[in-house]
2 protein chains.
Amino acid sequence: MELNEQITEKLSTFFKIFGDYTRLRMLNLLSEKASCVGEIAENLGMEQSAISHQLKVLKNHDLVRTKQEGKQIYYMLSDDHIMKIFKTGLEHIEEEMDEK
Amino acid sequence: MELNEQITEKLSTFFKIFGDYTRLRMLNLLSEKASCVGEIAENLGMEQSAISHQLKVLKNHDLVRTKQEGKQIYYMLSDDHIMKIFKTGLEHIEEEMDEK
DNA sequence: CTTTCATATGAATATCTATTCATATTATAT
DNA sequence: ATATAATATGAATAGATATTCATATGAAAG
């Protein structure tokens with residue numbers, strides 16, 4: 001594959017997002033249903049602020065989008081491509097575990 | 001998807017590996033041909049030591065394997081699953097770029 | 001066995017990043 | 001207008017990690 005600097009840079013940034021335990025759990029949650037910050041925080045047993053910061057990261061990189069309803073802001077996956085990445089990674093992990 | 005703690009942990013660790021510019025460049029190089037430390041270092045314009053440290057990371061996580069020939073140690077991708085991950089990420093990046 | 005070349009390693013450092021704490025913003029309801 | 005609830009934000013901190021430097025290990029050749 002012929003990859004230029006810019007693409008490689010973007011690609012590593014992209015994978016970096018998935019390379020965090022908390023963010024993966026958040027994405028997994030959001031793949032099941034749109035949720036607002038407080039819900040996610042409670043569900044994961046983490047502080048609202050920590051989740052909010054991470055949601056910002058996810059949003060900045062267009063992995064999630066939002067829908068405001070009154071005071072609440074619902075977060076959801078921006079498209080189902082996200083889950084494809086997720087699954088491809090999973091396949092690898094599972095294959096690896098089978099081998100041992 | 002029903003993901004337990006252990007799987008999610010493994011998954012985030014796995015993605016973390018891809019989430020680094022230098023490692024991505026190394027993997028990309030290795031996808032074209034097996035190379036030894038010195039070659040990679042020269043090709044990327046980095047220190048031998050830095051590359052060696054990163055190769056260790058890649059090896060510890062079974063992304064690469066080695067074949068010794070005399071003094072030289074050739075590194076290569078451990079399987080072509082690695083490139084599949086690579087490509088899935090690329091697809092996402094490219095789609096994203098098209099949108100804008 | 002000593003020299004040379006390729007690679008690995010350990011410690012030190014500098015950068016990055018996830019989380020916390022305190023506080024600000026924003027939207028609704030009273 | 002003020003109180004309340006949901007969320008966002010900025011600064012501080014602690015922990016992780018990529019790179020460098022100096023040195024060690026290992027293999028082959030002389």
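Me: How do strand 2 and strand 3 of chain A pair, and over how many bridges?

Reply: Strands of a sheet pair through backbone hydrogen bonds, in either a parallel or an antiparallel way. In this predicted model, strand 2 (residues 64-69) and strand 3 (residues 72-77) of chain A pair in the antiparallel sense over 6 bridges; two strands are said to pair if DSSP finds at least two bridges between them, and helices (H or I, at least four residues) and strands (E, at least two) are DSSP runs numbered from the N terminus. Val64(A) has Leu77(A) as its bridge partner in strand 3 of chain A, and Thr66(A) has Tyr75(A). The hairpin of these strands has 2 residues between them, and Gly70(A) takes a positive phi near 70° there.

Me: Before we go on, which conventions and cut-offs apply to the model?

Reply: Residues are numbered from 1 along each chain as its sequence is written, while chains are lettered from A and ligands numbered from 1 in the order in which they are written. Because the model is predicted, local features need pLDDT of at least 70 and side-chain atom pairs count only at pLDDT 80 or more, whereas totals for chains, interfaces and linings use all residues, and side-chain values use heavy atoms, with hydrogens and water left out.

Me: In what order do the strands of chain A form their sheet, and which of them stand at the edges?

Reply: The 3 strands of chain A form an open sheet in the order 1-3-2, with antiparallel pairing. Strand 1 (35-36) and strand 2 of chain A stand at the edges, each with a single partner strand, so one side of each is left without a neighbour in the sheet.

Me: What pairing is found for strand 2 and strand 3 of chain B?

Reply: Strand 2 of chain B and strand 3 (residues 72-77) of chain B pair in the antiparallel sense over 6 bridges. Val64(B) stands opposite Leu77(B) in strand 3 of chain B, and in the hairpin, with 2 residues between the strands, Gly70(B) takes a positive phi near 65°.

Me: Which residues of helix 1 of chain B are buried, and what do they pack against?

Reply: An α-helix has 3.6 residues a turn, so residues three or four places apart point the same way. Helix 1 (residues 5-18) of chain B has 14 residues and reaches 21 Å from its first C-alpha to its last, close to the 20 Å expected at 1.5 Å a residue, where the expected span is 1.5 Å times one less than the number of residues. Its buried residues are Ile7(B), Thr8(B), Leu11(B), Ser12(B), Phe14(B), Phe15(B), Ile17(B) and Phe18(B). These buried residues pack against helix 1 (5-18), helix 2 (21-32) and helix 5 (81-99) of chain A, together with helix 2 (21-32), helix 4 (48-60) and helix 5 of chain B.

Me: Is His92(B) buried or exposed, and which residues does Lys84(A) touch?

Reply: His92(B), placed in helix 5 (residues 81-99) of chain B, counts as buried at 4% relative accessibility. Taking contact to mean heavy atoms within 4.5 Å, and not counting residues up to four places away in sequence, His92(B) touches Phe14(A), Leu63(A), Asp79(A), His81(A), Ile82(A) and Ile85(A). Lys84(A), in helix 5 of chain A, is partly exposed with a relative accessible area of 39%, and under the sequence exclusion of up to four places Lys84(A) touches Thr88(B) and Glu91(B).

Me: How many helices and strands does chain A have?

Reply: The secondary structure of chain A comes to 5 helices and 3 strands, in the pattern α-α-β-α-α-β-β-α along the sequence. Of its 100 residues, 44% count as buried, and its C-alpha trace spans about 45 × 35 × 20 Å along the principal axes.

Note on methods
Buried means under 20% relative accessible area, exposed over 50%, partly exposed in between (1.4 Å probe, protein chains only).
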